[in-house]
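Please look over the model shown here.

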Number of protein chains: 2
Amino acid sequence: MQGKSNENLRCDCSIVHQDIVERVQVKMPPEEMLYDLAELFKVFGDSTRIKIIWALFEEEMCVCDIAYLLNMTQSAISHQLRVLKQARLVKPRRDGKNIYYSLDDQHIEEIFNQGLNHINE
Amino acid sequence: MQGKSNENLRCDCSIVHQDIVERVQVKMPPEEMLYDLAELFKVFGDSTRIKIIWALFEEEMCVCDIAYLLNMTQSAISHQLRVLKQARLVKPRRDGKNIYYSLDDQHIEEIFNQGLNHINE
DNA sequence: ATATCAATTGAGCATCTATTCATATGTTCA
DNA sequence: TGAACATATGAATAGATGCTCAATTGATAT
């Protein structure tokens with residue numbers, strides 16, 4: 001009988017492979033890092049944002065252009081750009097009345113390509 | 001005056017950079033592909049699933065072990081494994097009463113590494 | 001100043017999601 | 001066969017999320 005000694009654990013299994021768990025445990029990155037990673041992927045986990053990013057692979061665009069391209073309201077796009085901006089994935093540049101957005105990260109394209117590799121295999 | 005000719009568009013801007021939009025438009029991958037990509041990242045966009053995957057980087061584990069490692073109920077883990085299984089990211093192997101899960105994809109680690117590059121820059 | 005236009009912002013709402021709880025399935029062993 | 005255990009599954013629920021609508025901010029030009 002191993003596991004769940006006196007600690008308040010939520011797993012109710014009676015037998016745990018203690019050796020395996022401990023080996024894995026020491027390899028796990030800090031909680032916060034894994035949380036941040038999930039937050040980043042959450043940003044990628046929406047097709048509107050994916051489309052925006054993909055469009056910006058090509059060249060910078062203003063909010064209005066993106067809304068037109070995706071046939072969505074400018075408000076919806078603006079909300080999504082805020083999410084992308086907070087994740088440091090895009091950056092704005094003002095030019096008169098327009099605000100042009102461009103990609104602010106070099107890793108995105110590689111991440112997307114690997115994602116497509118998974119989908120297409 | 002460009003844009004929104006007779007089509008039923010949702011963008012209410014009066015001036016759209018038609019040339020830019022058209023150039024980007026032809027470069028955009030098919031809608032379905034972008035949707036699938038978002039679906040994949042959605043799976044990565046949860047810290048519980050991130051933790052499960054990271055644990056499985058090390059070695060295969062049974063449901064019970066994962067629950068113990070992450071201090072969560074076995075039911076919660078099982079639900080999440082189902083999501084990962086449907087996304088073809090993990091695969092099960094039965095051994096007696098236990099079901100051992102392991103990673104079913106080579107691209108995941110690269111995707112995660114690029115994600116961490118973004119976070120740590 | 002005032003009108004106009006692009007973009008942002010906040011509230012409201014419908015939808016989705018992760019977990020919990022209870023129950024079912026499937027395997028082993030006596 | 002039946003008891004014990006590991007896992008899966010379905011319903012219920014609280015919290016998150018993406019869009020809409022209305023109002024606001026900020027810039028330009030007359």
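Helices (H or I, at least four residues) and strands (E, at least two) are DSSP runs, numbered from the N terminus. A pocket is defined on a 1 Å grid over the protein atoms alone, as an open set of points with protein on both sides within 12 Å along at least five of seven lines. Its lining residues have an atom within 4 Å of a point.

This is a predicted model, in which local features need pLDDT of at least 70 and side-chain atom pairs count only at pLDDT 80 or more, while totals for chains, interfaces and linings use all residues. Residues are numbered from 1 along each chain as its sequence is written, chains are lettered from A and ligands numbered from 1 in the order in which they are written, and side-chain values use heavy atoms, with hydrogens and water left out.

**Largest pocket**

- The largest pocket has a volume of about 290 Å³; a volume is the space filled by probe spheres set on the grid points, which are joined across faces, edges and corners.
- Its lining includes A:C13, A:S14 and A:I15 from chain A. Among the lining residues from chain B are B:Q74, B:R94, B:N98, B:I99 and B:Y101.
- In chain B, α4 (63–70) and β3 (98–103) each supply at least two lining residues.
- β3(B) gives the most to this lining, with three residues.
- By class, the lining has seven nonpolar, three polar and two charged residues. Ala, Val, Leu, Ile, Met, Phe, Trp, Tyr, Cys and Pro count as nonpolar, Asp, Glu, Lys and Arg as charged, and the others, Gly among them, as polar.

**DNA strand D**

- There are 28 residues around DNA strand D, and A:S75, A:Q80, B:R10, B:Q74 and B:Y101 come nearest. A residue is near a strand if one of its heavy atoms lies within 4 Å of it.
- Sugar and phosphate make up 68% of the atoms of DNA strand D that come within 4 Å of the protein.
- The side chain of A:Q80 has an N or O atom 2.6 Å from a phosphate oxygen of DNA strand D. A polar contact is a pair of N or O atoms within 3.5 Å.
- B:N98 places a polar side-chain atom 3.0 Å from a sugar or linking oxygen of DNA strand D.
- B:I99 uses a backbone N or O atom, 3.2 Å from a phosphate oxygen of DNA strand D.
- α5(B) supplies the largest share of the surface near DNA strand D, five residues.
- That surface has nine nonpolar, 12 polar and seven charged residues.

**DNA strand C**

- Of the 29 residues around DNA strand C, A:R10, A:Q74, A:S78, A:Y101 and B:Q80 come nearest.
- For DNA strand C, sugar and phosphate account for 69% of the atoms that come within 4 Å of the protein.
- A polar side-chain atom of B:Q80 lies 2.5 Å from a phosphate oxygen of DNA strand C.
- A polar backbone atom of A:I99 is 3.1 Å from a phosphate oxygen of DNA strand C.
- α5(A) gives the most to the surface near DNA strand C, with five residues.
- The residues of that surface divide into nine nonpolar, 12 polar and eight charged.

**A:S102**

- A:S102 sits in strand β3 (residues 98–103) of chain A.
- A:S102 has a relative accessible area of 18%, so it is buried. Buried means under 20%, exposed over 50%, and partly exposed in between (1.4 Å probe, protein chains only).
- Beyond its neighbours within four places in sequence, A:S102 is in contact (heavy atoms within 4.5 Å) with A:L56, A:E60, A:L89, A:V90 and A:K91.

How values were computed. 1 Å grid on protein atoms, 1.4 Å probe; cavity = no way out; pocket = protein on both sides within 12 Å on 5 of 7 lines; lining within 4 Å. Polar contact = N/O pair within 3.5 Å; in protein donor to acceptor, adjacent residues only side chain to side chain.
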